[in-house]
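Okay everyone, thanks for coming. Let me put the sequence and the model up, and then I'll walk you through it.

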Amino acid sequence: MSAGVGGTAAVLHGLGERLVLEEVRWSEPAPQEVLVRIEASGICRSDLTVSRIDNGFPLPLILGHEIAGVVERVGSAVTSLSPGDHVVACPVNHCGRCRSCRIGEPFRCSDHAATQRRADEEPRVSADGRSLTQFIGIGGFSTHTVMHENLVVRVPRELPFHVACLLGCGVATGLGAALHSARVGPGDTVLVIGCGGVGLNVVQGARLAGARRIIAVDRNPAALALATELGATEALQADEVDVVAAVKEITGGGVSHAFEVIGVPDTVGQAMDALRKGGTAYLVGVQRPDAVLGIPFRHFFEQKGIRGVAMGSTVPHVHIPEYADLYLQGRLYLDALVANRIPLADVNDGFDRLLDGALARSVIEF
Ligand code: APR
Ligand code: ZN
Ligand code: ZN
């Protein structure tokens, strides 16, 4: 047993239950791991989902995966990070050795075990001698974490922690969908259906890429107001207008890129219908893995395409420092995405706000 460090974590003991603050203990980092003191932790919708629906993560579980903090200790084999570095976590879990990783597609790596400790090793984090699971190997609703170095990206010190934490998940997923998955460019016309935490960043990505038109669609007028602030050129309120007809009129026939950022079959259909000939729909919203989408063949006759997108095709150690730089230059807007800054003890209130339909993030500060 190693010395490690003690602290506090919000722990989930049963699906649908409230998180409970507990004293926990982290072990010393293994050779390729780092111990991070967490300064800020965003509450993402997938934390809420996993707290309510079984996703295969053994309980008790420390949720949270959008973190920013300071490296306190590094394992003996870590060469790219040092104590004192400011870092964020990125849940693009990747081994670094497989073909996908080596050709620059870590978001397609499937060797997720490579960055976790084996069951016969000392657990990274435990309470009263019982091991706890870290969500996605991060476990961010806690004062500290021990993570594999592949999930840890250094960021500039000037970046405030409460916005830095968003970079690894919500921002990377949305910006990356536009910039890297779809490679939007000048002259393109973009439709974003669903302007929540992720969709708003698709809007920003399209703005940064120089898209000619960025049409935001949402049911919630507050989401549309934020989308306009972040770069949408038009905003359409779903349920009040015929979205497909309006998009065709605005663009003179349809968009080149349509992003579905909700995760429901109806809006996938809308995305396909709103494309011009040869356009592509990008499915960013997550649906049940066995959901079946009925796509009329006429779309393919019109040479339209449809693509799945995961984690915005993010290459963490390349893209996240670039996003940090864009923020520091004032070109990437993150402050508008943070609605509430709360202490760890209020984490359950943060979940309640998501259930109430809040758009912008609650961020826990330590
Ligand atoms: N039509 C238009 N807008 C809708 C509709 C609808 N039928 N249903 C929901 N919305 C809007 C909501 O008002 C909200 O603004 O979609 C947005 C969804 O945003 P969030 O709930 O904040 O979800 P977000 O975190 O952005 O994630 C969206 O992307 O990465 C995935 O897993 C994630 O499937 C999820 C999706
Ligand atoms: Zn790999
Ligand atoms: Zn997330």
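UniProt, in an unreviewed entry, lists residues 14-364 as "domain: Enoyl reductase (ER)". UniProt positions are in the numbering used here, feature names are shortened, and annotations may be inferred rather than shown by experiment. The span is 26% helix and 26% strand, and its end C-alpha atoms sit 22 Å apart. Helices (H or I, at least four residues) and strands (E, at least two) are DSSP runs, numbered from the N terminus.

Quick housekeeping. This is a predicted model, where local features need pLDDT of at least 70, side-chain atom pairs count only at pLDDT 80 or more, and totals for chains, interfaces and linings use all residues. Residues are numbered from 1 along each chain as its sequence is written, chains are lettered from A and ligands numbered from 1 in the order in which they are written, and side-chain values use heavy atoms, with hydrogens and water left out.

Okay, metals. Which residues hold the zinc ion (ligand 2)? Cys95 (SG), Cys98 (SG), Cys101 (SG) and Cys109 (SG) do, at 2.3 to 2.4 Å. Donors here are N, O and S atoms within 2.8 Å of the metal (3.2 Å for Na, K and Ca), and water is not among the atoms, so sites may look incomplete. The spacing of those donor residues reads C-x2-C-x2-C-x7-C. The site of ligand 2 is tetrahedral, with angles of 105 to 114° among its 4 donor atoms; four donors get that label if all angles lie between 85 and 135 degrees.

How exposed are these cysteines? Cys98 is partly exposed, at 24% relative accessible area, while Cys101 is buried at 13%. The cut-offs: buried is under 20% relative accessible area, exposed is over 50%, and partly exposed is in between (1.4 Å probe, protein chains only).

While we're here, look at Asn93, in the loop between β6 (86-89) and α2 (99-102). Asn93 is buried, with 9% relative accessibility. Its side chain makes a 2.4 Å polar contact with the side chain of Thr115. A polar contact is a pair of N or O atoms within 3.5 Å; within protein, one must be able to donate a hydrogen and the other to accept it, and residues adjacent in sequence count only if both atoms are side-chain atoms. Contact means heavy atoms within 4.5 Å.

Now the other zinc ion, ligand 3. Its donors are Cys44 (SG), His65 (NE2) and Cys169 (SG), at 2.0 to 2.3 Å. Their spacing along the chain is C-x20-H-x103-C. His65 is in the loop between β4 (61-62) and β5 (66-74), and Cys169 is in the loop between α3 and α4, so the pair ties together parts 104 residues apart in sequence. His65 is buried at 1%, and Cys169 is buried too, at 8%.

Cys169 takes us into α4. The side chain of Thr173 reaches the backbone oxygen of Cys169 at 2.7 Å. Thr173 lies in α4 and is buried, at 11%. Beyond its neighbours within four places in sequence, Thr173 is in contact with Val198, Val284, Met311 and Gly312.

So where does α4 sit overall? 10 of its 12 residues are buried, so α4 is largely enclosed by the rest of the structure. Those buried residues pack against β5, α5, β15 (255-260), β16 (275-283), α10 and β19 (361-365).

On to the largest nonpolar core, which has 53 residues; Leu167, Val171, Phe259 and Leu332 touch the most other members. Elements that each supply at least two residues include α4 (170-181), α5 (199-208) and α10 (316-328). A nonpolar core is a set of buried Ala, Val, Leu, Ile, Met, Phe, Trp, Tyr and Cys residues joined through side-chain atoms within 4.5 Å. Among the contacts of Leu332, leaving out residues up to four places away in sequence, are Leu167, Val171 and Leu175.

Leu59 and Pro60 are joined by a cis peptide bond, omega about -10°. Asp239 isn't a glycine, yet has a positive phi of about 75°, and it is exposed at 65%. Gln303 has a positive phi near 60° and is exposed at 56%.

Conventions
Tetrahedral: all angles 85-135°; square planar, octahedral: opposite > 155°, others 65-115°.
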